[in-house]
Amino acid sequence: MIRVKVPATSANMGAGFDCLGIALDLYNIIEAEEIESGLKITIPESDRGYIETDERNLVFISMKRLFDEVGYRPKGLHINLINNIPITRGLGSSAACIAGGLVAANELIGCPLNKNDIIYLAAKMDGHPDNVLPALIGGMTVACIVEGEVKYVRIDLPDCIKLLVMVPDFQLPTSKARAILPQNVPLQDAVFNISRAALLTASLITGRLDNLPAAVDDRLHQPYRKGLIPHWNEIMSKMAELGTKGTFLSGAGPTLIAIMDKDYDKIRTEMDKFLAAFEQHWDVYVMDVCRYGVELLAQGKGEIVCR
Ligand SMILES: Nc1ncnc2c1ncn2[C@@H]1O[C@H](COP(=O)(O)OP(=O)(O)OP(=O)(O)O)[C@@H](O)[C@H]1O
Ligand SMILES: N[C@@H](CCO)C(=O)O
């Protein structure tokens with residue numbers, strides 16, 4: 001039996017559409033073993049109706065993709081899923097299936113693929129590397145796909161940074177949140193975003209946290225998606241008033257994330273109270289960045305897979 005622990009992730013971080021991402025201290029566990037025949041997928045009772053338990057399950061699809069890639073045919077497969085990452089909320093639940101499923105399959109058959117093979121396969125499956133890469137290697141990642149390879153840098157953020165993660169009680173499929181984006185954007189909007197994505201990355205590397213509220217601003221996706229998030233403007237104003245270092249839509253939404261460098265619990269309590277006035281229910285968490293990405297769990301100990 002292989003056990004893999006894979007983190008939630010937040011893509012885009014405002015301006016870095018499809019290229020920036022960060023791993024969060026919140027995990028799913030995938031257990032997998034080869035059995036004599038058939039496919040058996042077990043999931044938590046609370047996920048019934050949300051997650052498929054047949055060949056359409058994304059963990060199975062990802063494992064099969066790796067087996068096909070190396071020409072391996074398992075006799076049968078048992079997959080057990082322990083899920084903590086909210087589904088379809090912009091916290092990389094699908095990327096966790098892809099990253100965790102590929103790593104579990106690779107480990108199950110003696111690691112025929114190396115780290116870079118897995119990163120590329122995962123990015124191809126998800127269509128962009130901004131969730132799967134931090135899920136695999138942890139930290140904050142900057143990445144693009146170039147000629148059959150993912151070119152990337154992994155960044156450790158300053159220790160004082162924690163994230164306020166605000167998860168509403170409704171789902172927003174990535175497919176729906178991508179379908180509303182325009183196919184072309186004005187040159188000024190492209191310049192607006194590349195300048196801020198570069199500023200965000202450079203500021204996080206050098207500790208210039210004062211730049212962050214401006215650096216997470218975006219014109220490529222949030223202006224189109226914010227209509228899908230009730231009370232967007234009020235929430236953004238409140239976050240600025242509380243002195244956070246910038247708030248952004250997590251991935252395709254609907255979760256919102258604020259960067260904090262102090263007063264973590266005070267801000268969480270304030271936001272909890274503020275959001276309670278709205279008709280949707282919001283769960284509000286303070287989360288650390290996950291530094292290591294996917295881990296192989298063996299006898300209670302974690303082993304980092306993608307060093
Ligand atoms: N634990 C899981 N097991 C199997 N399938 C899952 C699991 N979690 C998510 N999925 C699949 O992924 C789909 C959600 O993917 P989607 O890209 O819409 O949201 P997300 O990954 O949570 O958000 P984002 O990509 O914005 O971070 C679900 O509908 C389901 O098919
Ligand atoms: N970059 C992606 C992340 C969600 O998969 C998006 O914003 O659509």
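**Helices, then ligands**

Select helix 1 and helix 2: their crossing is right-handed (the near helix is turned clockwise from the far one by less than a right angle; helices are DSSP runs of H or I, at least four residues, numbered from the N terminus). This is a predicted model, where local features need pLDDT of at least 70, side-chain atom pairs count only at pLDDT 80 or more, and totals for chains, interfaces and linings use all residues. Residues are numbered from 1 along each chain as its sequence is written, while chains are lettered from A and ligands numbered from 1 in the order in which they are written.

Now color the contact (C-beta atoms, placed from the backbone, within 7 Å). Helix 1 brings residues including Leu58, Met63 and Phe67, and helix 2 brings, among them, Cys97, Gly100 and Ala104.

Next, pick ligand 1. Of the 23 residues around ligand 1, Ser93, Ser94, Thr174, Gly251 and Ala252 come nearest (a residue is near if its C-beta atom, placed from the backbone, lies within 6 Å). Helix 2 turns up again: it gives the most to this shell, with 4 residues. At least three shell residues come from each of domain 1 (2-156 + 290-304) and domain 2 (162-287), with bounds from an automatic or database domain assignment.

Key. Helix = DSSP H or I, 4+ residues; strand = E, 2+ residues; numbered from the N terminus. Contact = placed C-beta atoms within 7 Å.
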